Each structure stands twice: as structure tokens, then as C-alpha cells.
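Colleague: I would like to go through this model with you. Please give me the value and the cut-off each time.

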Amino acid sequence: MAEMGSKGVTAGKIASNVQKKLTRAQEKVLQKLGKADETKDEQFEQCVQNFNKQLTEGTRLQKDLRTYLASVKAMHEASKKLNECLQEVYEPDWPGREEASKIAENNDLLWMDYHQKLVDQALLTMDTYLGQFPDIKSRIAKRGRKLVDYDSARHHYESLQTAKKKDEAKIAKAEEELIKAQKVFEEMNVDLQEELPSLWNSRVGFYVNTFQSIAGLEENFHKEMSKLNQNLNDVLVSLEKQHGSNTFTVKAQPSDNAPAKGNKSPSPPPDGSPAATPEIRVNHEPEPASGATPGATIPKSPSQSSLPAVVVETFSATVNGTVEGGSGAGRLDLPPGFMFKVQAQHDYTATDTDELQLKAGDVVLVIPFQNPEEQDEGWLMGVKESDWNQHKELEKCRGVFPENFTERVQ
């Protein structure tokens, strides 16, 4: 019996929601055709425009920050590989081997510390800042629906009052519904009228704090990295002094179009001649004089010290930690139009029948909107993977959900 009662309640709720959607749709059509007036609030509409602009800017900053972090991680890996190469070529009997190894370890720790601090002081703050937008966006949308309900109730009440044959009972009921709809709308409207301007003004302090944190962390990182680079340079200068009798010569390679030459070395052309083959010689200083401290280093200015250039390519897919996938259309195990998967990072309580109810950890299969014009900024259409595997019916399972509550996994 309890089960039947539960089903009855569910069926009644579904019927009520369907009727609400139908009434709202009819009201919107009448408003668009100019047959029904629409309640307007220009000040609130400006607040909504500011909100959408703030959300767009924040989402872009979050994306660019993640790209920056991915690049830091890639540079860390490249620097680590470069130092590993140095350790491999550094002979055991060469002076400064232990110092070079210690510098490499400190280099690795410095990169990890820099990346972690960027995550803690910038990215997590960014995520917290954007985390408040989905709830407010949902409430703005709900306010819009309640405004349509209010207008509809108002028009219904007015039509009954102006009817030639008046039904007092219907008029009384319509008036009751109008008062109820107006109360619900005004409660939501007042809250948003206070929150939206406050949120808009908060962006200044947030941007200042975020970029100050990034700038400060990067400044300290480069200071410490400069010290390590100078120490490594000093170690290599000491090694150079120990092997000062050797000469390293770099000769330019002849071009592919140059005529072949015999084994006999050609005579060097006059100085300044364009045909001269450039030759670069790096002459080492002589061994230190008797009594000098072996391995003594000669300090160099920062301009004399430099790191080898490293070219690192990072792809946009690194931002989400995945590689872009193709459409799932035509695959039997995925819904038609499947684009990619996301995983809920936080619980999300649906506020309307067309929204998905999410628990942290839920995997959602993202699909395109049937009508792209219905897609709001920051919202995606999808079906929970568990529901799809069980029913394989989009009409029963799909719904919209806030993108910021999820993270892309495939």
C-alpha cells in the first residue's frame, strides 16, 4: 500500500510539473506575440548581465590558470630530465659531482613546491570562487520561471474579473493563487537583488588577491632558481679549471649545395671573407698556478649564467588531464551524440524536473542539446552513466547540470 501511495505521489508530482511547463510555455508565447504584458525589471536584468559577464571571465581565468599549471608541470619534467642527463654524463671522478647531484635534487624540490603553492593559493581559491556561481545561476533561472508563473496567475485573475459572466468562486481561487505566486516570486527576487550586486563588487578584490599570489610565488621561485643555477655554474667552472688543457671546437657544417671537397684541407680564406668557414673555439684557462686553491671558482654576473633552452609543447587537452575524444554517435554502448565524460566533484540538488540530481563521484555522459539555443552558459546536457547502462533511454534519463560541479575525465 505504501508503495502504491508513493507511486501515486510521484505520478501526481510529474503531472503537476507537466502542467506548470505547459502553462509557462503558453504564457511565453502570448508575451512574445504581444497579447500579454510581461513584468520587467531593468535593474535586475543589468545585474544578470553583470553576473553572466563575471561568470564568463572567471571561467576563462580558471581555464588559463590550469593551462599555466600544466605548463609548469611540463617544464618541471623537462628540467628534471635535463638534470638526469647531466648526472649520467658526469664522470664519478670529476670534481663537484656530489654538489651537482644535490643541486639537481633541490631543483626538483623547488619545482614541486612552486606547483603545489600555485594549486593551494591560486587554483583552489579560483575553484571556490566559481563554486558559488552554479547555485546562483540556478536561482536566477528559477526566479525567471516563477516570474512567468506570477504573470500567468495575474492574467488569469484579470481575465476572470473582466469576464461578462463572473464566477465569484473562481475569482476567489484565482486571487489566492495570484497572491501565492507573487509571494514566491518576491521572496526569490529580494534575495537575488541583494546578492548579485555584492557578488559583482567582490570580483575586484578576488582578481587582486589571485594575481598578487601568482606574481609573488613566481618572483620567489625565480629568485631561488637563480641561486641554484649560479651554484651549478660555479660547479661547472670548477670542473672546467680541472680540465683546462682541453679545447672544445665547434665547426659549422657545409651546406648541402656546397661542392664536395677532397681529403686535403683547403687554405683558410682571408679574414672577413664571406666564404670563410666559421670556427668557434672555446679555450680553457691554464691550470691554476702553484699554491692556488684547486677548484676555486670565479664568480660571474647573472648575465654570464644561463640555462639551456628547452622547448616544451603542451596541448589544450592537458588542462582537463585527458585527450579530446570523438563523438560517440554510432557506438552501441554510448548514447547518440556522446561527446565526453565528466565526474561530479560535489553533490548537486536538482531544482527543476529538467535537471540531473548528482552525487559526488557520479559519472555523466555529456551529449549535445537538441536545440542549441536552449543551452545556458555554464550548463551541460547529459545522462548519468549508471542510468544509461540500466535503461538505454535518453528521454527518461537525460537532463541539464552545472558544468562547474563536475570535472572532465574522458
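Predicted model: local features only at pLDDT ≥ 70, side-chain atom pairs only at ≥ 80, totals over all residues.

Colleague: How many helices and strands does the protein chain have, and what makes a run count as one?

Modeller: The protein chain has seven helices and seven strands. Helices are DSSP runs of H or I with at least four residues, strands are runs of E with at least two, and both are numbered from the N terminus. Along the sequence the pattern is α-α-α-α-α-β-β-β-β-β-α-α-β-β.

Colleague: How do you know that the span of helix α3 agrees with its number of residues?

Modeller: The expected span is 1.5 Å times one less than the number of residues. Helix α3 (residues 97–131) has 35 residues, so it should span 51 Å; its end C-alpha atoms are 49 Å apart, which agrees.

Colleague: Where is the kink in α3 centred?

Modeller: The kink is centred on Val-119 and is about 35°. The bend at a residue is the angle between axes fitted to the seven residues ending there and the seven starting there.

Colleague: Why are α2 and α5 called roughly parallel?

Modeller: Helix α2 (residues 42–89) and helix α5 (residues 168–242) pack at about 15°, with axes 10 Å apart. That makes α2 roughly parallel to α5, as the term covers angles under 35 degrees. Their crossing is left-handed: the near helix is turned anticlockwise from the far one by less than a right angle.

Colleague: What makes β6 and β7 the edge strands?

Modeller: The open sheet has five strands in the order β6-β5-β4-β3-β7, with antiparallel pairing. β6 and β7 (406–408) each pair on one side only. The twist averages 50° from one strand to the next.

Colleague: How do you know that β3 pairs with β4 and with β7?

Modeller: Pairing takes at least two bridges found by DSSP. Four bridges join β3 (residues 340–344) to β4 (residues 363–367), and three bridges join β3 to β7. Gln-343 has Val-363 as its bridge partner in β4 and stands opposite Glu-407 in β7.

Colleague: Why is β3 called largely enclosed?

Modeller: Four of its five residues are buried, so β3 is largely enclosed by the rest of the structure. Buried means under 20% relative accessible area, with a 1.4 Å probe and protein chains only. Of the 410 residues of the chain, 32% count as buried.

Colleague: Why is Lys-392 called partly exposed?

Modeller: Its relative accessibility is 39%. Partly exposed lies between the buried cut-off and exposed, which is over 50%, so Lys-392 counts as partly exposed. Lys-392 is in the loop between α6 (385–391) and α7 (394–397). Its phi is positive, about 60°, although Lys-392 is not a glycine.

Conventions: Residues numbered from 1 in each chain as written. Heavy atoms only, no water. Axes fitted to C-alpha atoms, helices over the stretch in contact; angles between N-to-C directions. Parallel < 35°, antiparallel > 145°, perpendicular 65-115°, else oblique.
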